[in-house]
Amino acid sequence: MAILVQFAIGLVFGLGLIVSGMANPAKVLNFLDVGGIPAGTWDASLAFVMAGAVAVTFVGFNRVLKRARPFFAARFYVPTRTDIDPRIVAGPAIFGIGWGMAGFCPGPALTALGFGSASAFIFVATMCAGMVLARFIAHLPSLTRYATPADPLET
Amino acid sequence: MSVTHFTPVASLLGGALIGLSAVLLMWATGRIAGVSGIAARLFPPYEDREFAGRLAFVAGLIAAPLVVRLVTGSLPEQTIAAGVPALIVAGLLTGFGSVWGSGCTSGHGVCGLSRLSVRSLVATATFMAAGMATVFVIRHWS
């Protein structure tokens, strides 16, 4: 049952990506292209995606986190870190370069698989390789003092 | 470069669906709907027993276009301009960076900002700036 519910929740996420236009890399790149503002090719839509998503999540999280526990789990796994370490800047900087090159971030890239394009498959394959590499390096004994704690989803 | 049209209503609505999904996942599993975290944990090392749930979430993401095609009979426009070498490098950077920085657009940008997390604010500002700088270099410096 919990598995089926998580499939449905992923489906809602994917539908949101498609309806919002974020599943189209061209739209993402045109948002990131602030140099296109003078020419009128800048597409501000992504700001509205963020606004809609954050508004709903802000209100929803406040309500849900007042509950004693999640429906299918014993406790909430909400990140607690507040420190600004080098990784919280270096990681997003590296990710942002990749995002600007192809117009894909992880969610839309996975949803793009369902469009059946070969480009999405190539991107997702190397994205997964990058993810595995990052986790491998973070788990090296010599680096664990820089690495984040093993707490799940330490956003 | 392919021109896209400003779609404030559809984007706001789609964004609300993404938010709804994040809220539902927190309600159901108590976890952040961060796609990079969910996808990365499909690979070893395994730290918990949430594999099947994560796989189901990712399957839902992939199934979304199939459902859209089933219902509407067609798929919305998707233009991928990057060539194969760029896709390979971009995929590596996106995968590595999102895990190294503990999150991507969904985990930091949507869930983190909604929790008023300072770490997520720093992360979101950084990947937005890096993405904009990259597009600027590619499109306007050549």
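Which residues of chain A does the UniProt annotation "transmembrane region" cover?

## Annotated spans in chain A

The structure is a predicted model. According to the unreviewed UniProt entry, the annotation "transmembrane region" covers residues 47-65, 86-104 and 110-137 of chain A.

In the model, residues 47-65 of chain A are 95% helix and 0% strand, with 26 Å between the end C-alpha atoms. Residues 110-137 of chain A are 86% helix and 0% strand, and their end C-alpha atoms lie 24 Å apart.

## Domains of chain A

The domain assignment divides chain A into domain 1 (1-76) and domain 2 (82-155). A distance of 18 Å separates the C-alpha centres of domain 1 and domain 2 of chain A.

The contact between these domains of chain A joins eleven residues of domain 1 to eight residues of domain 2. On the domain 1 side, α1 (2-20) and α2 (25-32) of chain A each supply at least two residues. The largest share of that side, five residues, is from α2(A). By class, the domain 1 side has ten nonpolar residues, one polar residue and no charged residues.

## Contact between chains A and B

In the contact between the chains, chain B contributes 112 residues and chain A contributes 111 residues. The chain B elements that give two or more residues to the side touching chain A are α1 (8-29), α2 (35-40), α3 (51-72), α4 (84-100), α5 (105-114) and α6 (118-140). With 21 residues, α1(B) provides the largest share of this side.

The side of chain B that touches chain A comprises 67 nonpolar, 38 polar and seven charged residues.

How values were computed
Residues are numbered from 1 along each chain as its sequence is written. Chains are lettered from A and ligands numbered from 1 in the order in which they are written. This is a predicted model: local features need pLDDT of at least 70, side-chain atom pairs count only at pLDDT 80 or more; totals for chains, interfaces and linings use all residues. Two residues are in contact if their C-beta atoms, placed from the backbone, lie within 7 Å. Helices (H or I, at least four residues) and strands (E, at least two) are DSSP runs, numbered from the N terminus. Ala, Val, Leu, Ile, Met, Phe, Trp, Tyr, Cys and Pro count as nonpolar, Asp, Glu, Lys and Arg as charged, and the others, Gly among them, as polar. UniProt positions are given in the numbering used here, feature names are shortened, and annotations may be inferred rather than shown by experiment. Domain bounds come from an automatic or database domain assignment.
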